[in-house]
Amino acid sequence: MKTTILPSLLAADPGHLAEGASLAEAAGADALHLDIMDGHFVPNISMGPAVVAMASKTVSIPCNVHLMLTHPDRYVDAFAKAGSETLLIHIEADCDVPATLEQIRRTGMRPGITLNPHTPAETIFPILDQIAEILVMTVRPGYGGQSFMPEPLDTIRTIRERCLQSRDLAQMTIMVDGGINAETAEQCAAAGANAFVAGTYLYGAGDMSAAITDLRARTTAAYEAHWSTR
Ligand code: DX5
Ligand code: ZN
């Protein structure tokens, strides 16, 4: 299974977000990751639907939108209109999670669920058949540039093992986000992750294209070594 790489626009120059989005596409990114923060679910405030609309017009790769919102259910239509391909909500959000995932699916977007670093893997087991993608946070959400936390590696492994138990879930996208670089991405791939968000690392790389190619090769090899025969 080939892994996928998603630069996080949060790490681009805020004065030149369109150029930041285009840079990711030109460098061979599989999708663009956009972090939406409400200053309530997380302490920080970032971008909103207008930036997603700009990005989806600027690039032809998919927009992967990560909602760090207390009430994501109130914004599903706005992010659908903005052109999001995948809409990720948090399992810890203050909403009816299964109903919100269904709302996302009905708009035509891919529904995704996100877990904070200390949230047990089992909390998402009852909704696995409702989601197209799982995001395991490897930092506390809210800011780019934080250090990778190793504790969620067990969560990733538990979720991958559970997904491999049923044929419909075997190809599940398990994505990681926070403190991802060449070394931490390899650790996550060995634990069962197959999609990698990186902000500081990719936007800070002198050559984003080379960094993406390297990240994809390393993570594909690490994933295959641990999971391909299962
Ligand atoms: C953190 C965000 C991340 C962030 C990652 O709350 O969800 O997507 O952009 O940034 P880095 O890769 O710099 O840790
Ligand atoms: Zn994110």
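Predicted model: local features only at pLDDT ≥ 70, side-chain atom pairs only at ≥ 80, totals over all residues.
Let's start with the strands around the ligand: strand 2 (32-37), strand 3 (63-68) and strand 8 (195-198) each put at least two residues into the shell around ligand 1. Strand 2 contributes the most, with three residues. Strands here are DSSP runs of E with at least two residues, helices are runs of H or I with at least four, and both are numbered from the N terminus.

Residues are numbered from 1 along each chain as its sequence is written, chains are lettered from A and ligands numbered from 1 in the order in which they are written, and side-chain values use heavy atoms, with hydrogens and water left out.

Now for the ligand itself. There are 20 residues around ligand 1, and S8, D35, G142, D177 and T200 come nearest; being near takes a heavy atom within 4 Å. By class, that shell holds eight nonpolar, ten polar and two charged residues, with Asp, Glu, Lys and Arg counted as charged, and Gly among the polar ones.

Some of these neighbours make polar contacts, meaning pairs of N or O atoms within 3.5 Å. The side chain of D177 has a polar atom 2.6 Å from an oxygen of ligand 1. S8 also uses its side chain, with an N or O atom 2.8 Å from a ligand 1 oxygen. G179 uses a backbone N or O atom instead, 2.8 Å from an oxygen of ligand 1. On its own, ligand 1 has 380 Å² of accessible area, and the protein covers 98% of that (Shrake-Rupley method, 1.4 Å probe).

Terms used: Polar contact = N/O pair within 3.5 Å; in protein donor to acceptor, adjacent residues only side chain to side chain.
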